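Subject: Structure for you, with notes on cavities and helix packing

Hello,

Please find the structure below. My notes follow it.

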Amino acid sequence: MKNLLTIENLSVDFINDESAGSALQDISLSVNKGEIVALVGESGSGKSVTALSILQLLPSPPAKYKSGKIFFGDEEKELELLHLSQKEMEQVRGNKIAMIFQEPMTSLNPVKVCGAQVSEALVLHKKINNDEAKIKTIALFEQVQLPKPAEIFYRYPFQLSGGQKQRVMIAMAMSCSPQLLICDEPTTALDVTVQKNILQLIQSLQQQTNMGVIFITHDLGIVSEIADRIMVMYKGKIVEEGITDEILVHPKHPYTKALLACRPSQHKKGERLPVVSDFINEESLEQSGFSNEQQSFLSTKPTTFNCQLSTILSVQNLNIWFPSKKTFTGKILEYTKAVNNVSFEVYKGETLGLVGESGCGKTTLGRALPGLIQPTNGNIFFNGSDISKLSNAEKKSLRKEMQIVFQDPYSSLNPRKKIGDAIAEPLLVHKLFATAKQRKEKVIELMEKVNLSPEYYNRYPHEFSGGQRQRIVIARALALEPSFVICDESVSALDVSVQSQILNLLNDLKYTFNFTCIFISHDLSVIRYISDRIMVMNKGRIEETGDAEEIYNHPKTAYTKRLIYSIPKAVIGNIE
(Lines give C-alpha, C1' and ligand atoms only; values in the text may rest on other atoms or scores of the structure.)
Protein backbone atom coordinates (compact mmCIF):
# COMPACT_ATOMS: atom_id res chain seq x y z
CA MET A 1 0.00 0.00 0.00
CA LYS A 2 1.25 3.44 -0.91
CA ASN A 3 1.56 5.66 2.15
CA LEU A 4 -0.54 8.83 2.32
CA LEU A 5 2.28 10.61 4.18
CA THR A 6 5.91 9.60 4.58
CA ILE A 7 8.54 11.44 6.64
CA GLU A 8 12.12 10.32 6.06
CA ASN A 9 15.02 11.20 8.39
CA LEU A 10 13.71 14.68 9.27
CA SER A 11 15.93 16.89 11.43
CA VAL A 12 15.00 20.44 12.44
CA ASP A 13 17.14 22.95 14.34
CA PHE A 14 16.18 26.29 15.88
CA ILE A 15 18.97 28.84 15.48
CA ASN A 16 19.37 32.19 17.19
CA ASP A 17 22.26 34.63 17.56
CA GLU A 18 23.73 32.81 20.53
CA SER A 19 23.12 29.12 19.95
CA ALA A 20 21.43 26.35 17.96
CA GLY A 21 19.06 23.81 19.46
CA SER A 22 17.85 20.58 17.94
CA ALA A 23 14.03 20.21 17.87
CA LEU A 24 13.82 17.04 15.73
CA GLN A 25 16.54 14.41 15.28
CA ASP A 26 16.32 12.07 12.30
CA ILE A 27 12.66 11.07 12.67
CA SER A 28 10.81 8.83 10.21
CA LEU A 29 7.12 7.93 10.18
CA SER A 30 4.27 7.08 7.81
CA VAL A 31 0.48 7.42 7.76
CA ASN A 32 -1.87 5.38 5.55
CA LYS A 33 -5.34 6.25 4.32
CA GLY A 34 -8.01 5.36 6.87
CA GLU A 35 -5.43 5.14 9.69
CA ILE A 36 -5.08 7.12 12.93
CA VAL A 37 -1.48 7.47 14.06
CA ALA A 38 -0.85 9.03 17.48
CA LEU A 39 2.23 11.13 18.24
CA VAL A 40 2.65 10.96 22.01
CA GLY A 41 5.01 12.87 24.27
CA GLU A 42 5.32 15.78 26.67
CA SER A 43 5.70 19.45 25.82
CA GLY A 44 9.03 19.97 24.10
CA SER A 45 9.24 16.42 22.73
CA GLY A 46 8.86 17.61 19.11
CA LYS A 47 5.26 16.58 18.36
CA SER A 48 4.00 20.00 17.26
CA VAL A 49 7.24 20.78 15.40
CA THR A 50 6.67 17.60 13.38
CA ALA A 51 3.09 18.63 12.56
CA LEU A 52 4.03 22.22 11.66
CA SER A 53 6.88 20.94 9.45
CA ILE A 54 4.40 18.96 7.35
CA LEU A 55 2.53 22.17 6.52
CA GLN A 56 5.64 24.40 6.34
CA LEU A 57 4.29 26.53 9.19
CA LEU A 58 7.53 26.85 11.13
CA PRO A 59 9.01 30.38 10.93
CA SER A 60 12.31 30.30 9.06
CA PRO A 61 14.45 31.65 10.62
CA PRO A 62 14.82 30.55 13.40
CA ALA A 63 13.74 27.10 12.16
CA LYS A 64 16.12 25.32 9.81
CA TYR A 65 15.40 22.01 8.06
CA LYS A 66 18.75 20.33 8.55
CA SER A 67 17.89 17.17 6.62
CA GLY A 68 15.05 14.89 5.58
CA LYS A 69 12.09 14.67 3.20
CA ILE A 70 8.29 14.76 3.58
CA PHE A 71 6.23 13.05 0.86
CA PHE A 72 2.48 13.44 0.54
CA GLY A 73 0.75 10.87 -1.70
CA ASP A 74 -1.77 13.15 -3.41
CA GLU A 75 -4.51 11.50 -5.53
CA GLU A 76 -2.97 13.02 -8.66
CA LYS A 77 0.75 12.80 -7.84
CA GLU A 78 3.25 12.52 -5.01
CA LEU A 79 4.34 15.88 -3.56
CA GLU A 80 7.59 16.57 -1.74
CA LEU A 81 6.21 19.13 0.71
CA LEU A 82 9.47 20.76 1.83
CA HIS A 83 10.27 21.65 -1.80
CA LEU A 84 6.95 23.38 -2.53
CA SER A 85 6.76 27.18 -2.78
CA GLN A 86 4.50 29.11 -0.40
CA LYS A 87 1.95 29.58 -3.19
CA GLU A 88 1.91 25.83 -3.88
CA MET A 89 1.59 25.11 -0.14
CA GLU A 90 -1.50 27.34 0.04
CA GLN A 91 -3.23 24.86 -2.27
CA VAL A 92 -2.32 22.04 0.14
CA ARG A 93 -3.07 23.68 3.52
CA GLY A 94 -6.71 23.39 4.53
CA ASN A 95 -7.53 21.67 1.25
CA LYS A 96 -5.58 18.41 1.07
CA ILE A 97 -4.02 18.54 4.54
CA ALA A 98 -5.96 20.23 7.37
CA MET A 99 -4.99 20.92 10.98
CA ILE A 100 -6.93 21.34 14.22
CA PHE A 101 -4.86 23.45 16.59
CA GLN A 102 -4.58 23.00 20.36
CA GLU A 103 -6.27 26.19 21.53
CA PRO A 104 -9.36 27.12 19.48
CA MET A 105 -9.75 30.53 21.13
CA THR A 106 -6.39 31.69 19.77
CA SER A 107 -6.91 29.91 16.43
CA LEU A 108 -10.28 31.53 15.67
CA ASN A 109 -10.55 35.19 14.67
CA PRO A 110 -12.26 36.94 17.64
CA VAL A 111 -13.82 39.70 15.47
CA LYS A 112 -15.34 37.38 12.86
CA VAL A 113 -18.44 35.22 13.26
CA CYS A 114 -17.73 31.49 13.29
CA GLY A 115 -19.68 30.75 10.11
CA ALA A 116 -17.73 33.30 8.06
CA GLN A 117 -14.44 31.75 9.14
CA VAL A 118 -15.47 28.30 7.89
CA SER A 119 -17.07 29.70 4.70
CA GLU A 120 -13.84 31.50 3.86
CA ALA A 121 -11.98 28.21 3.37
CA LEU A 122 -14.76 26.86 1.13
CA VAL A 123 -14.82 29.95 -1.07
CA LEU A 124 -11.02 29.90 -1.38
CA HIS A 125 -10.48 26.20 -2.13
CA LYS A 126 -13.76 24.97 -3.62
CA LYS A 127 -14.41 28.09 -5.74
CA ILE A 128 -18.08 28.38 -4.68
CA ASN A 129 -20.04 31.57 -3.93
CA ASN A 130 -20.89 32.87 -0.45
CA ASP A 131 -24.47 31.54 -0.44
CA GLU A 132 -23.36 28.01 -1.30
CA ALA A 133 -20.56 28.26 1.27
CA LYS A 134 -23.07 29.27 3.96
CA ILE A 135 -25.33 26.28 3.22
CA LYS A 136 -22.30 23.95 3.28
CA THR A 137 -21.03 25.50 6.55
CA ILE A 138 -24.37 25.02 8.35
CA ALA A 139 -24.40 21.40 7.12
CA LEU A 140 -20.87 20.96 8.55
CA PHE A 141 -22.00 22.44 11.88
CA GLU A 142 -24.77 19.83 11.93
CA GLN A 143 -22.27 17.10 11.11
CA VAL A 144 -20.05 18.06 14.08
CA GLN A 145 -23.17 18.13 16.28
CA LEU A 146 -23.23 21.81 17.17
CA PRO A 147 -26.57 22.88 18.70
CA LYS A 148 -28.67 25.27 16.56
CA PRO A 149 -26.12 25.39 13.69
CA ALA A 150 -27.90 28.24 11.87
CA GLU A 151 -27.54 30.40 15.00
CA ILE A 152 -23.93 29.31 15.66
CA PHE A 153 -23.09 30.55 12.14
CA TYR A 154 -23.61 34.16 13.34
CA ARG A 155 -21.98 33.79 16.76
CA TYR A 156 -18.51 35.01 17.70
CA PRO A 157 -15.98 32.62 19.30
CA PHE A 158 -16.31 34.21 22.76
CA GLN A 159 -20.03 33.29 22.74
CA LEU A 160 -19.26 29.56 22.56
CA SER A 161 -18.00 27.06 25.13
CA GLY A 162 -14.59 25.40 24.79
CA GLY A 163 -16.11 22.23 23.36
CA GLN A 164 -18.23 24.19 20.87
CA LYS A 165 -15.21 26.22 19.68
CA GLN A 166 -13.32 22.99 19.16
CA ARG A 167 -16.22 21.66 17.04
CA VAL A 168 -16.09 24.82 14.91
CA MET A 169 -12.36 24.16 14.36
CA ILE A 170 -13.15 20.56 13.37
CA ALA A 171 -15.83 21.77 10.93
CA MET A 172 -13.30 24.19 9.42
CA ALA A 173 -10.70 21.45 9.09
CA MET A 174 -13.22 19.06 7.48
CA SER A 175 -14.77 21.68 5.17
CA CYS A 176 -12.66 20.79 2.12
CA SER A 177 -12.67 17.01 2.71
CA PRO A 178 -8.91 16.73 3.39
CA GLN A 179 -7.05 13.50 2.79
CA LEU A 180 -4.93 14.02 5.92
CA LEU A 181 -6.07 15.60 9.20
CA ILE A 182 -3.57 16.71 11.85
CA CYS A 183 -5.06 17.09 15.36
CA ASP A 184 -2.68 18.95 17.72
CA GLU A 185 -3.83 18.31 21.32
CA PRO A 186 -7.50 18.93 20.36
CA THR A 187 -8.88 17.82 23.74
CA THR A 188 -6.36 19.29 26.21
CA ALA A 189 -8.11 20.96 29.20
CA LEU A 190 -11.59 19.92 27.98
CA ASP A 191 -14.03 18.19 30.32
CA VAL A 192 -13.81 14.39 30.19
CA THR A 193 -17.32 14.14 28.73
CA VAL A 194 -16.63 16.82 26.07
CA GLN A 195 -13.26 15.15 25.40
CA LYS A 196 -14.93 11.80 24.81
CA ASN A 197 -17.46 13.40 22.44
CA ILE A 198 -14.69 15.13 20.45
CA LEU A 199 -12.72 11.88 20.18
CA GLN A 200 -15.79 10.00 18.96
CA LEU A 201 -16.53 12.78 16.46
CA ILE A 202 -13.01 12.72 14.98
CA GLN A 203 -13.12 8.93 14.76
CA SER A 204 -16.56 9.00 13.11
CA LEU A 205 -15.50 11.61 10.52
CA GLN A 206 -12.32 9.66 9.79
CA GLN A 207 -14.30 6.47 9.14
CA GLN A 208 -16.80 8.28 6.90
CA THR A 209 -14.12 9.85 4.68
CA ASN A 210 -11.30 7.26 4.96
CA MET A 211 -8.80 10.04 5.62
CA GLY A 212 -5.51 9.59 7.44
CA VAL A 213 -5.18 11.22 10.87
CA ILE A 214 -2.16 12.28 12.91
CA PHE A 215 -3.36 12.70 16.50
CA ILE A 216 -0.98 14.58 18.82
CA THR A 217 -1.34 14.25 22.59
CA HIS A 218 0.60 13.81 25.83
CA ASP A 219 -1.95 11.40 27.31
CA LEU A 220 -1.71 7.68 26.49
CA GLY A 221 -5.17 7.22 28.01
CA ILE A 222 -6.71 9.27 25.20
CA VAL A 223 -4.66 7.35 22.63
CA SER A 224 -6.18 4.07 23.78
CA GLU A 225 -9.60 5.34 22.68
CA ILE A 226 -8.72 6.40 19.15
CA ALA A 227 -5.36 5.36 17.63
CA ASP A 228 -4.37 2.41 15.43
CA ARG A 229 -0.63 2.98 15.90
CA ILE A 230 1.47 4.98 18.38
CA MET A 231 4.73 6.88 17.92
CA VAL A 232 6.26 7.92 21.26
CA MET A 233 8.47 11.03 21.06
CA TYR A 234 11.08 12.13 23.57
CA LYS A 235 13.45 15.07 23.12
CA GLY A 236 13.01 15.23 19.35
CA LYS A 237 13.32 11.49 18.72
CA ILE A 238 10.86 8.66 18.16
CA VAL A 239 11.83 6.28 20.97
CA GLU A 240 9.12 3.64 20.45
CA GLU A 241 6.45 2.83 17.88
CA GLY A 242 3.94 0.06 17.29
CA ILE A 243 0.33 -1.11 17.38
CA THR A 244 -1.67 0.69 20.09
CA ASP A 245 -2.66 -2.36 22.15
CA GLU A 246 0.89 -3.72 22.05
CA ILE A 247 2.42 -0.42 23.24
CA LEU A 248 -0.13 0.01 26.04
CA VAL A 249 0.17 -3.54 27.36
CA HIS A 250 3.87 -4.21 26.68
CA PRO A 251 5.75 -0.87 26.53
CA LYS A 252 9.49 -1.33 26.01
CA HIS A 253 11.08 2.09 26.41
CA PRO A 254 11.36 3.58 29.93
CA TYR A 255 9.78 6.83 28.75
CA THR A 256 6.65 5.05 27.48
CA LYS A 257 6.43 3.18 30.78
CA ALA A 258 6.74 6.51 32.61
CA LEU A 259 3.87 8.11 30.63
CA LEU A 260 1.64 5.15 31.49
CA ALA A 261 2.63 5.01 35.15
CA CYS A 262 2.24 8.76 35.78
CA ARG A 263 -1.54 8.73 35.37
CA PRO A 264 -3.30 9.21 38.75
CA SER A 265 -5.97 6.63 37.86
CA GLN A 266 -3.28 3.93 38.23
CA HIS A 267 -2.56 4.78 41.88
CA LYS A 268 -4.20 4.76 45.28
CA LYS A 269 -5.02 7.96 47.12
CA GLY A 270 -1.92 9.69 48.47
CA GLU A 271 0.48 7.17 46.90
CA ARG A 272 3.47 8.99 45.51
CA LEU A 273 3.09 9.31 41.73
CA PRO A 274 6.06 8.28 39.55
CA VAL A 275 7.59 10.94 37.29
CA VAL A 276 9.66 10.59 34.13
CA SER A 277 13.00 11.00 35.94
CA ASP A 278 12.23 7.88 37.98
CA PHE A 279 12.24 5.80 34.80
CA ILE A 280 14.88 7.41 32.62
CA ASN A 281 18.58 7.49 33.30
CA GLU A 282 19.66 10.55 31.31
CA GLU A 283 23.13 9.06 30.74
CA SER A 284 21.68 5.88 29.22
CA LEU A 285 18.35 6.44 27.52
CA GLU A 286 18.40 2.99 25.98
CA GLN A 287 18.10 1.12 29.29
CA SER A 288 14.96 -0.97 29.54
CA GLY A 289 15.13 -2.04 33.20
CA PHE A 290 14.86 -0.15 36.49
CA SER A 291 17.21 0.35 39.39
CA ASN A 292 16.42 -0.94 42.88
CA GLU A 293 15.74 2.64 43.93
CA GLN A 294 13.15 3.02 41.13
CA GLN A 295 11.53 -0.30 42.02
CA SER A 296 11.17 0.76 45.66
CA PHE A 297 9.77 4.12 44.54
CA LEU A 298 6.92 2.39 42.69
CA SER A 299 5.93 0.48 45.81
CA THR A 300 5.91 3.53 48.08
CA LYS A 301 3.04 3.33 50.52
CA PRO A 302 0.29 5.96 50.36
CA THR A 303 0.70 9.08 52.48
CA THR A 304 -2.08 9.61 54.99
CA PHE A 305 -3.29 12.82 56.57
CA ASN A 306 -5.11 13.57 59.78
CA CYS A 307 -8.68 14.66 59.00
CA GLN A 308 -10.48 15.93 62.08
CA LEU A 309 -14.27 15.94 62.16
CA SER A 310 -14.31 19.56 63.27
CA THR A 311 -15.86 21.87 60.67
CA ILE A 312 -13.58 24.61 59.34
CA LEU A 313 -15.94 25.80 56.55
CA SER A 314 -19.72 25.62 56.36
CA VAL A 315 -21.73 26.82 53.34
CA GLN A 316 -25.48 27.21 53.84
CA ASN A 317 -28.08 27.78 51.10
CA LEU A 318 -25.61 29.70 48.92
CA ASN A 319 -26.89 31.35 45.73
CA ILE A 320 -24.81 33.18 43.13
CA TRP A 321 -27.00 34.44 40.29
CA PHE A 322 -25.96 36.60 37.34
CA PRO A 323 -28.43 38.65 35.24
CA SER A 324 -28.77 37.06 31.80
CA LYS A 325 -31.67 39.04 30.32
CA LYS A 326 -32.74 42.64 30.90
CA THR A 327 -35.34 45.04 29.55
CA PHE A 328 -34.36 48.26 27.77
CA THR A 329 -34.74 50.09 31.10
CA GLY A 330 -32.45 47.66 32.91
CA LYS A 331 -35.06 45.54 34.69
CA ILE A 332 -33.77 41.99 35.13
CA LEU A 333 -35.97 39.36 33.49
CA GLU A 334 -33.81 36.23 33.83
CA TYR A 335 -30.84 35.02 35.86
CA THR A 336 -28.12 32.48 35.19
CA LYS A 337 -28.03 30.46 38.40
CA ALA A 338 -24.30 29.66 38.56
CA VAL A 339 -24.61 28.42 42.15
CA ASN A 340 -28.12 27.42 43.18
CA ASN A 341 -28.97 26.72 46.84
CA VAL A 342 -25.72 24.93 47.68
CA SER A 343 -24.92 23.67 51.21
CA PHE A 344 -21.92 21.62 52.36
CA GLU A 345 -19.21 21.40 55.04
CA VAL A 346 -15.43 21.02 54.90
CA TYR A 347 -13.61 19.35 57.78
CA LYS A 348 -10.31 20.51 59.19
CA GLY A 349 -7.30 18.83 57.55
CA GLU A 350 -9.19 17.16 54.69
CA THR A 351 -9.02 17.59 50.93
CA LEU A 352 -12.50 17.96 49.47
CA GLY A 353 -12.61 17.33 45.72
CA LEU A 354 -15.10 19.47 43.79
CA VAL A 355 -15.77 17.97 40.36
CA GLY A 356 -18.02 18.80 37.43
CA GLU A 357 -18.05 19.91 33.80
CA SER A 358 -17.33 23.45 32.59
CA GLY A 359 -20.25 25.72 33.43
CA CYS A 360 -21.42 23.65 36.41
CA GLY A 361 -20.54 26.48 38.84
CA LYS A 362 -17.52 24.96 40.59
CA THR A 363 -15.11 27.84 39.83
CA THR A 364 -17.76 30.45 40.76
CA LEU A 365 -18.28 28.64 44.06
CA GLY A 366 -14.51 28.41 44.64
CA ARG A 367 -14.05 32.14 44.06
CA ALA A 368 -16.97 33.07 46.30
CA LEU A 369 -15.41 31.38 49.34
CA PRO A 370 -12.49 33.86 49.76
CA GLY A 371 -14.73 36.79 48.73
CA LEU A 372 -13.62 37.23 45.11
CA ILE A 373 -17.29 36.98 44.04
CA GLN A 374 -20.14 38.39 46.14
CA PRO A 375 -22.94 35.84 46.76
CA THR A 376 -26.54 36.78 45.91
CA ASN A 377 -27.62 35.33 49.25
CA GLY A 378 -26.78 32.54 51.67
CA ASN A 379 -24.05 32.15 54.26
CA ILE A 380 -20.40 31.09 54.35
CA PHE A 381 -19.03 30.32 57.83
CA PHE A 382 -15.25 30.05 58.24
CA ASN A 383 -13.97 29.03 61.67
CA GLY A 384 -17.41 29.86 63.04
CA SER A 385 -17.63 33.41 61.61
CA ASP A 386 -19.96 34.45 58.75
CA ILE A 387 -17.57 35.72 56.05
CA SER A 388 -20.16 36.15 53.29
CA LYS A 389 -20.93 39.72 54.33
CA LEU A 390 -17.46 41.05 55.13
CA SER A 391 -16.29 44.48 54.01
CA ASN A 392 -13.38 44.71 51.54
CA ALA A 393 -10.98 45.55 54.38
CA GLU A 394 -12.13 42.51 56.34
CA LYS A 395 -11.77 40.29 53.24
CA LYS A 396 -8.13 41.40 52.97
CA SER A 397 -7.54 40.08 56.48
CA LEU A 398 -9.41 36.84 55.62
CA ARG A 399 -7.00 36.11 52.78
CA LYS A 400 -4.19 35.55 55.26
CA GLU A 401 -6.09 32.38 56.16
CA MET A 402 -7.68 31.49 52.81
CA GLN A 403 -5.75 31.45 49.52
CA ILE A 404 -6.55 30.34 45.97
CA VAL A 405 -4.34 28.78 43.27
CA PHE A 406 -5.81 29.69 39.88
CA GLN A 407 -6.11 27.50 36.79
CA ASP A 408 -3.80 29.48 34.49
CA PRO A 409 -0.58 30.42 36.31
CA TYR A 410 0.66 32.60 33.43
CA SER A 411 -2.33 34.95 33.58
CA SER A 412 -2.11 34.91 37.41
CA LEU A 413 1.41 36.38 37.34
CA ASN A 414 2.39 39.91 36.35
CA PRO A 415 4.59 39.44 33.24
CA ARG A 416 6.63 42.52 34.22
CA LYS A 417 7.33 41.39 37.76
CA LYS A 418 10.18 39.05 38.71
CA ILE A 419 8.93 35.88 40.33
CA GLY A 420 10.76 36.60 43.58
CA ASP A 421 8.85 39.87 43.89
CA ALA A 422 5.58 38.12 42.93
CA ILE A 423 5.97 35.57 45.75
CA ALA A 424 6.99 38.33 48.19
CA GLU A 425 3.99 40.53 47.35
CA PRO A 426 1.57 38.97 49.92
CA LEU A 427 4.24 39.36 52.61
CA LEU A 428 4.61 43.02 51.73
CA VAL A 429 0.84 43.69 51.58
CA HIS A 430 0.24 42.09 54.98
CA LYS A 431 3.41 43.63 56.50
CA LEU A 432 4.72 40.33 57.84
CA PHE A 433 8.44 41.12 57.74
CA ALA A 434 10.21 44.32 58.72
CA THR A 435 12.91 44.33 56.03
CA ALA A 436 13.31 43.40 52.36
CA LYS A 437 16.12 41.03 53.34
CA GLN A 438 13.82 39.05 55.66
CA ARG A 439 11.15 38.86 52.96
CA LYS A 440 13.72 37.60 50.43
CA GLU A 441 14.89 34.91 52.85
CA LYS A 442 11.28 33.78 53.33
CA VAL A 443 10.71 33.72 49.54
CA ILE A 444 13.83 31.62 48.97
CA GLU A 445 12.64 29.22 51.67
CA LEU A 446 9.26 28.93 49.90
CA MET A 447 10.93 28.42 46.50
CA GLU A 448 12.98 25.57 47.90
CA LYS A 449 9.85 23.99 49.41
CA VAL A 450 8.21 23.89 45.95
CA ASN A 451 11.45 22.64 44.33
CA LEU A 452 12.45 25.85 42.58
CA SER A 453 16.09 26.93 42.61
CA PRO A 454 16.82 30.22 44.46
CA GLU A 455 18.74 31.19 41.29
CA TYR A 456 15.34 31.78 39.64
CA TYR A 457 14.49 34.64 42.03
CA ASN A 458 15.14 37.38 39.43
CA ARG A 459 13.62 35.66 36.43
CA TYR A 460 10.34 36.64 34.74
CA PRO A 461 7.27 34.35 34.28
CA HIS A 462 7.86 33.84 30.53
CA GLU A 463 11.21 32.19 31.29
CA PHE A 464 9.51 29.20 32.96
CA SER A 465 7.64 26.12 31.82
CA GLY A 466 3.97 25.57 32.69
CA GLY A 467 4.84 23.24 35.56
CA GLN A 468 7.38 25.70 36.99
CA ARG A 469 4.87 28.56 36.79
CA GLN A 470 2.37 26.42 38.68
CA ARG A 471 5.00 25.94 41.42
CA ILE A 472 5.49 29.72 41.57
CA VAL A 473 1.78 30.45 42.16
CA ILE A 474 1.60 27.65 44.76
CA ALA A 475 4.58 29.22 46.58
CA ARG A 476 2.84 32.62 46.47
CA ALA A 477 -0.39 31.13 47.82
CA LEU A 478 1.50 29.52 50.74
CA ALA A 479 3.56 32.63 51.55
CA LEU A 480 1.08 33.64 54.29
CA GLU A 481 0.87 30.05 55.60
CA PRO A 482 -2.92 29.89 55.18
CA SER A 483 -5.04 27.28 56.93
CA PHE A 484 -7.29 26.86 53.85
CA VAL A 485 -6.24 26.57 50.17
CA ILE A 486 -8.49 26.37 47.08
CA CYS A 487 -6.87 24.80 44.00
CA ASP A 488 -8.91 25.70 40.89
CA GLU A 489 -8.08 23.34 37.98
CA SER A 490 -4.41 23.70 38.90
CA VAL A 491 -3.24 20.65 36.87
CA SER A 492 -5.80 20.47 34.03
CA ALA A 493 -3.60 21.70 31.16
CA LEU A 494 -0.30 20.11 32.27
CA ASP A 495 1.52 17.12 30.77
CA VAL A 496 0.78 13.92 32.69
CA SER A 497 4.28 13.72 34.22
CA VAL A 498 4.26 17.42 35.21
CA GLN A 499 0.78 16.86 36.62
CA SER A 500 2.27 14.04 38.72
CA GLN A 501 4.97 16.36 40.04
CA ILE A 502 2.42 19.02 41.06
CA LEU A 503 0.11 16.47 42.72
CA ASN A 504 3.08 15.02 44.64
CA LEU A 505 4.09 18.55 45.61
CA LEU A 506 0.60 19.40 46.89
CA ASN A 507 0.56 16.23 48.99
CA ASP A 508 4.00 17.10 50.43
CA LEU A 509 3.02 20.70 51.16
CA LYS A 510 -0.25 19.64 52.74
CA TYR A 511 1.75 17.47 55.11
CA THR A 512 4.26 20.28 55.81
CA PHE A 513 1.82 23.20 56.20
CA ASN A 514 -1.18 21.18 57.48
CA PHE A 515 -3.76 23.16 55.51
CA THR A 516 -7.30 22.18 54.52
CA CYS A 517 -7.94 22.08 50.79
CA ILE A 518 -10.73 22.26 48.23
CA PHE A 519 -9.41 20.80 44.96
CA ILE A 520 -11.49 21.79 41.92
CA SER A 521 -11.23 19.76 38.72
CA HIS A 522 -13.25 18.29 35.85
CA ASP A 523 -11.16 15.10 35.98
CA LEU A 524 -12.56 12.50 38.38
CA SER A 525 -9.41 10.34 38.23
CA VAL A 526 -7.33 13.25 39.57
CA ILE A 527 -10.02 14.11 42.15
CA ARG A 528 -10.18 10.51 43.36
CA TYR A 529 -6.41 10.37 43.77
CA ILE A 530 -5.99 13.54 45.84
CA SER A 531 -9.28 13.82 47.77
CA ASP A 532 -10.64 12.42 51.02
CA ARG A 533 -14.21 13.21 49.98
CA ILE A 534 -15.72 14.12 46.60
CA MET A 535 -18.53 16.59 45.89
CA VAL A 536 -20.03 16.34 42.38
CA MET A 537 -21.57 19.53 40.97
CA ASN A 538 -23.95 19.86 38.02
CA LYS A 539 -25.80 22.96 36.75
CA GLY A 540 -25.20 24.94 39.92
CA ARG A 541 -26.30 22.21 42.31
CA ILE A 542 -24.60 19.45 44.31
CA GLU A 543 -25.39 16.06 42.74
CA GLU A 544 -23.81 13.86 45.39
CA THR A 545 -21.15 13.91 48.12
CA GLY A 546 -19.26 11.06 49.73
CA ASP A 547 -16.01 9.19 50.36
CA ALA A 548 -13.67 9.47 47.35
CA GLU A 549 -13.35 5.74 46.70
CA GLU A 550 -17.09 5.18 47.24
CA ILE A 551 -18.09 7.88 44.75
CA TYR A 552 -15.50 6.71 42.19
CA ASN A 553 -16.33 3.01 42.41
CA HIS A 554 -20.06 3.16 43.26
CA PRO A 555 -21.57 6.40 41.91
CA LYS A 556 -25.26 6.88 42.63
CA THR A 557 -26.44 9.49 40.12
CA ALA A 558 -26.54 9.19 36.34
CA TYR A 559 -24.44 12.34 35.96
CA THR A 560 -21.57 11.00 38.10
CA LYS A 561 -21.71 7.68 36.25
CA ARG A 562 -21.39 9.58 32.95
CA LEU A 563 -18.32 11.47 34.23
CA ILE A 564 -16.63 8.24 35.30
CA TYR A 565 -17.58 6.45 32.06
CA SER A 566 -15.90 9.25 30.09
CA ILE A 567 -12.48 8.74 31.72
CA PRO A 568 -10.06 7.08 29.24
CA LYS A 569 -9.49 3.52 30.45
CA ALA A 570 -5.96 2.76 29.18
CA VAL A 571 -4.43 -0.17 30.99
CA ILE A 572 -1.02 0.21 32.59
CA GLY A 573 1.68 -1.79 30.93
CA ASN A 574 4.52 -3.85 32.37
CA ILE A 575 6.37 -1.23 34.40
CA GLU A 576 8.28 -3.67 36.55
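How many cavities of 30 Å³ or more does a search of the whole structure find? The search finds five. A cavity here is a set of points on a 1 Å grid, over the protein atoms alone, where a 1.4 Å probe fits but cannot get out, and lining residues have an atom within 4 Å of a point. Grid points are joined across faces, edges and corners, and a volume is the space filled by probe spheres set on the points.

This is a predicted model, in which local features need pLDDT of at least 70 and side-chain atom pairs count only at pLDDT 80 or more, while totals for chains, interfaces and linings use all residues. Residues are numbered from 1 along each chain as its sequence is written, and side-chain values use heavy atoms, with hydrogens and water left out.

Cavities

The largest cavity holds about 350 Å³ of space. Its lining has 26 residues, and Gln195, Asp219, Ser492, Gln499 and Asp523 lie nearest the centre. At least two lining residues come from each of helix 8 (192-209), helix 19 (496-513) and helix 20 (524-530). Helices (H or I, at least four residues) and strands (E, at least two) are DSSP runs, numbered from the N terminus. By class, this lining has eleven nonpolar, eleven polar and four charged residues. Ala, Val, Leu, Ile, Met, Phe, Trp, Tyr, Cys and Pro count as nonpolar, Asp, Glu, Lys and Arg as charged, and the others, Gly among them, as polar.

The second largest cavity holds about 60 Å³. Its lining includes Thr351, Leu506, Lys510 and Phe519. Helix 19 gives the most to this lining, with three residues. The classes here are five nonpolar, two polar and one charged.

Helix packing

Helix 19 also packs with helix 18 (residues 466-478), at an angle of about 15° and with the axes 10 Å apart. Axes are lines fitted to C-alpha atoms, for helices over the stretch in contact, and angles run from 0 to 180 degrees between N-to-C directions. The two helices, helix 18 and helix 19, are therefore roughly parallel to each other (angles under 35 degrees count as such). The contact residues divide into eight nonpolar, three polar and one charged.

Helix 4 (residues 114-126) and helix 5 (residues 130-143) pack at about 115°, with their axes 9 Å apart.

Regards

Key:
1 Å grid on protein atoms, 1.4 Å probe; cavity = no way out; pocket = protein on both sides within 12 Å on 5 of 7 lines; lining within 4 Å. Parallel < 35°, antiparallel > 145°, perpendicular 65-115°, else oblique.
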